[in-house]
Amino acid sequence: MPPKTKVTKDMVTEAGLEVVRREGIESLNVRRVAAELGCSTQPVMYCFPTVEELKNEVYSAADSIHTEYIMRGAESSDTPMLTIGLNYIGFAAEEKHLFRFLFQSDKFRNTSFGDMMNGEELGFLLAPLQAAAGLTERQAREVFGTLFVCVHGIASLIANNSMEYDKEEFTRLLNMTYKGTVGYIKRGEKI
């Protein structure tokens, strides 16, 4: 009799990620992940003693996939923020369940918009914006916040099956938002 395959933490995480990807966060539980792996619940519980730990690990894996996806082509783009924004919307269209898990769960509960926009983790997104538009970090955060509201709104509508993906229209909208916001910030206008 061949030895049983040892179930690793990475295997459990990947199985959990696939469950969320296909069925949504509502289906992520120990029994469903064990079924995905073709094992009992014991190896899953050994790797992740609580469902919350499993969800956190799957969230991190989904976040890595999202980050890689949105940054595709941004470094070589003449308009990196447009590329990142369209990729964000594209991710919502292609990975609806992962998008909802990442951005429409309670992960950001008790977090203000200002806290989100001032977070250090935005640094990798602000650098291309600062370089492309000639902005200070503070200005880049303001432009990014405006773009984020527009991009996230479109992506949310798509992820929830309320709107069809229309790259041409979204490119037009994001260009207007970007150019208008950068111009507004550079002129130093006050509300």
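The largest pocket holds about 570 Å³ of space. Of the 24 residues lining this pocket, Phe103, Leu122, Leu125, Phe144 and Phe148 sit closest to its centre. (A pocket here is an open set of points on a 1 Å grid where a 1.4 Å probe fits, with protein on both sides within 12 Å along at least five of seven lines; lining residues have an atom within 4 Å of a point.) The lining splits into 19 nonpolar, three polar and two charged residues.

This is a predicted model, where local features need pLDDT of at least 70, side-chain atom pairs count only at pLDDT 80 or more, and totals for chains, interfaces and linings use all residues. Residues are numbered from 1 along each chain as its sequence is written, and side-chain values use heavy atoms, with hydrogens and water left out.

Helix α5 (residues 80-94) is one of those giving at least two residues to the pocket lining. Of the 15 residues in α5, 13 are buried, meaning under 20% relative accessible area with a 1.4 Å probe, protein chains only.

Now for the rings: there are nine aromatic pairs, counted when ring centres lie within 6.5 Å, with planes under 30 degrees apart called stacked, over 60 edge-to-face and the rest tilted.

| Pair | Centre to centre | Angle between planes |
|---|---|---|
| Tyr88 and Phe99 | 5.5 Å | 85°, edge-to-face |
| Tyr88 and Phe103 | 5.4 Å | 50°, tilted |

Tyr88 lies in α5 and Phe99 in helix α6 (residues 96-103), so their pair ties together parts 11 residues apart in sequence. Both Tyr88 and Phe99 are buried. Ring pairs also join Tyr88, Phe99, Phe103, Phe113, Phe144 and Phe148 into a cluster.

Notes: Buried means under 20% relative accessible area, exposed over 50%, partly exposed in between (1.4 Å probe, protein chains only). Helices (H or I, at least four residues) and strands (E, at least two) are DSSP runs, numbered from the N terminus. Grid points are joined across faces, edges and corners, and a volume is the space filled by probe spheres set on the points. Ala, Val, Leu, Ile, Met, Phe, Trp, Tyr, Cys and Pro count as nonpolar, Asp, Glu, Lys and Arg as charged, and the others, Gly among them, as polar. Rings of Phe, Tyr and Trp (its six-membered ring) pair if their centres lie within 6.5 Å; planes under 30 degrees apart count as stacked, over 60 as edge-to-face and the rest as tilted.
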